[in-house]
Structures are given as C-alpha cells and as structure tokens.
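Here is a walk through one protein chain, written for someone who likes to know the cut-offs. Have a look at the model first, then read on.

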Amino acid sequence: LSSLDYEPTKCRYGIGVVIMEFVDTTPTQKGGVFIPSEALMINGRTIEEQISGYQTLTVTGRGPLPKKITAETPDGRDGQRFIEAYYTTRSIVVAYQIIADTAEDLIAKYSQLATILGNNEFTFNFKDDPDWYYTGTVSATSDLPVGVLAGNGSFTITCSDPHSYSTTKSVSITNSGTVQDSCTSAKLIEIDYIPSETATTIAITNGNYKMSFSGATVNAGDMLTIDPINQVVRLNGTDKTAWLDFDSDFENFPALGNFAVSPNGRLAITYKKERT
C-alpha cells in the first residue's frame with residue numbers, strides 16, 4: 001500500500017500502478033449517470049439528469065444557522081444587554097464540474113444551467129432529503145475556466161426564508177379540535193371555513209390567538225378562505241380582506257394547537273412542517 005488519502009467525500013487507494021477511486025460509498029445510478037446523494041433537485045429532477053457531463057461536487061449551507069443578535073452595551077457594565085435574536089437569510093453554495101466535447105457544447109451546457117437556475121424564488125430540495133424543500137434565488141455564480149473543455153464552477157442560492165418545509169398537510173375539524181404533529185414548528189398556509197349556519201360575525205381561535213371577521217353575511221355552505229401568507233381573505237373566491245377585524249392576529253396565527261370557530265362549522269387547516 002503506497003498511499004492512502006482521505007477527503008470529505010472521496011477516498012483513493014494506490015497499489016503500485018493500480019488506482020481505484022470511489023466518489024461515494026453508496027453511489028446512485030440513474031440512467032447510467034452517477035448522481036451524488038446531495039445532488040440538487042428542481043421539480044423532482046437533478047441537474048445531472050438534465051445536463052450530460054454535469055456533476056455536483058460539494059454543497060454547503062444546509063446546516064444549522066446562527067442567529068443575528070441585537071444587543072446594547074450599558075455604560076460601566078461587562079458584556080451587553082440582549083434585546084432580540086432572529087434568523088436572517090440562508091446561502092446554499094453548490095460547487096460542480098462540467099465536462100464537454102467541444103467549446104460549443106460547453107457553452108450550450110452552461111446556457112442550459114443558467115436556464116434551469118434562472119427563476120426567482122424557485123423551490124428546490126436535495127436527493128438525500130427529498131421530503132424537505134427550500135425556496136431561493138441564485139444570487140452569485142462563478143465562471144468556468146477559459147480555454148478548457150472541463151472545469152469547476154459554483155453558484156449560490158440565497159433563501160430569503162431560511163427554513164425548509166415539508167409538503168403540505170391538511171386537517172379537517174368540525175366546530176373545534178386539536179391539530180398535532182411530530183414537528184415542533186409549522187407554517188400555516190391556509191384556513192378554509194364553511195359555516196353550518198348563517199353568520200354576520202365570525203371568530204376563529206387557537207389558544208390565545210384570534211382572527212375575527214365582521215361587516216357582511218356569510219351563508220351556510222359558503223367558503224371563507226384565509227391566506228395568512230399573502231394576507232388575503234376570500235369568500236367563494238371573491239376578495240373580502242376588508243372583513244378582517246383590526247385586532248386580529250393575522251400574521252402570527254399558529255398552524256398547530258387547539259382550534260375553535262364560532263358559529264359552528266367545518267375548518268380545513270393546511271400547513272407545512274418547518275425546519276431550520
């Protein structure tokens with residue numbers, strides 16, 4: 001054994017003039033193309049499946065995020081006084097290699113990569129974590145080396161929302177009930193309310209949180225849709241955001257917990273599990 005070199009995802013053994021190189025202990029083949037376990041996926045497909053000669057090398061930025069701390073320094077005292085802390089953005093950096101047959105082929109592949117990554121706020125996930133999704137926009141790229149047909153590059157995806165989310169979950173409740181999940185955090189996507197009787201005022205609660213609506217009549221069987229992300233309220237598809245009472249906690253209304261509605265009716269709560 002003449003050499004034994006270890007790298008984060010590679011190991012190489014040299015025995016005389018025989019070299020064996022392994023890129024991963026559990027390689028994944030799809031259609032004859034090697035796809036690393038951490039390969040980026042957009043719309044259910046890896047870039048390796050779309051561009052021949054493209055290969056993911058490393059991915060960074062998927063780990064736990066630090067919080068930005070706001071603090072003040074009191075005169076005559078050690079340290080600082082904590083005020084608040086919060087997550088900012090997440091930056092995921094993908095390093096890759098592209099191999100081409102001709103200069104024209106290289107340009108075409110690089111143009112195809114730009115098209116795949118060109119949308120603003122696109123949703124993506126990773127092959128080794130298929131049930132969790134990020135949303136981001138490419139904010140930085142590096143050019144490939146000039147004058148060669150194989151080279152390394154990288155791109156950075158900035159996630160304005162640093163969290164990753166599961167696919168949507170939906171729970172139906174009649175009058176009142178509890179929404180529980182194994183996760184510790186979840187993001188409310190939508191509430192659909194169908195009253196069982198005519199109502200002129202409506203209140204939906206979850207613990208100490210409340211949303212109330214007044215100013216018009218909602219008939220039995222109508223659907224009131226509450227979209228906290230876009231801050232829109234609709235009745236049978238028509239915008240009725242003005243019905244939301246001023247003291248409602250629209251933005252912070254939790255997805256999990258003990259729900260109740262007045263007057264009685266059916267609630268459909270749609271949410272996503274959240275992970276940082």
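Predicted model: local features only at pLDDT ≥ 70, side-chain atom pairs only at ≥ 80, totals over all residues.

A pocket here is found on a 1 Å grid over the protein atoms alone: it is an open set of points with protein on both sides within 12 Å along at least five of seven lines, while a cavity is a set of points where a 1.4 Å probe fits but cannot get out, and lining residues have an atom within 4 Å of a point. Grid points are joined across faces, edges and corners, and a volume is the space filled by probe spheres set on the points.

Residues are numbered from 1 along each chain as its sequence is written, and side-chain values use heavy atoms, with hydrogens and water left out.

**The chain overall**

The chain has two helices and 24 strands, where helices (H or I, at least four residues) and strands (E, at least two) are DSSP runs numbered from the N terminus. Of its 276 residues, 33% count as buried; buried means under 20% relative accessible area, exposed means over 50%, and partly exposed is in between (1.4 Å probe, protein chains only). Take the contacts (heavy atoms within 4.5 Å) between residues at least 6 apart in sequence: 62% of them join residues at least 24 apart.

**Two cores**

A nonpolar core is a set of buried Ala, Val, Leu, Ile, Met, Phe, Trp, Tyr and Cys residues joined through side-chain atoms within 4.5 Å. The largest one has 25 residues, and Ile-191, Ile-202, Ile-204, Phe-213, Leu-267 and Ile-269 have the most contacts inside it. Strands that give two or more residues to this core include S17 (186–195), S18 (199–206), S19 (209–218) and S24 (265–275). What does Ile-191 touch, beyond residues up to four places away in sequence? Among its partners are Ile-204, Met-211, Leu-224, Phe-253, Phe-259, Leu-267 and Ile-269. A second, separate core has 23 residues, including Ile-51, Ala-100, Leu-106 and Phe-126.

Strand S13 (129–141), strand S15 (164–174) and S17 each supply at least two lining residues.

Here are the two side by side, with Ala, Val, Leu, Ile, Met, Phe, Trp, Tyr, Cys and Pro counted as nonpolar, Asp, Glu, Lys and Arg as charged, and the others, Gly among them, as polar.

| Space | Volume | Lining residues by type |
|---|---|---|
| Largest cavity | about 30 Å³ | six nonpolar, four polar, no charged |

Is Lys-109 buried or exposed? Lys-109 counts as buried because its relative accessibility is 8%. This lysine sits in helix H2 (residues 103–116), and a polar atom of its side chain lies 2.9 Å from the backbone oxygen of Ile-99. Leaving out residues up to four places away in sequence, Lys-109 touches Ile-51, Ser-52, Gly-53, Ile-98, Ile-99 and Ala-100. Two of those, Ile-51 and Ala-100, belong to the second core.

Thr-46, in strand S7 (residues 45–46), is buried as well, at 1% relative accessibility. Its side chain makes a polar contact with the side chain of Glu-49 (3.0 Å). For that term, a pair of N or O atoms must be within 3.5 Å; within protein, one must be able to donate a hydrogen and the other to accept it, and residues adjacent in sequence count only if both atoms are side-chain atoms. Beyond its neighbours within four places in sequence, Thr-46 is in contact with Ile-35, Ala-39, Leu-40 and Met-41.

The peptide bond from Ser-262 to Pro-263 is cis, with omega near -5 degrees, and Pro-263 lies in the loop between S23 and S24. Asn-43 has a positive phi, near 55 degrees; it lies in the loop between strand S6 (40–42) and S7 and counts as exposed at 73% relative accessibility. Asn-236 has a positive phi too, near 50 degrees, and its place is in the loop between S21 and strand S22 (238–239).
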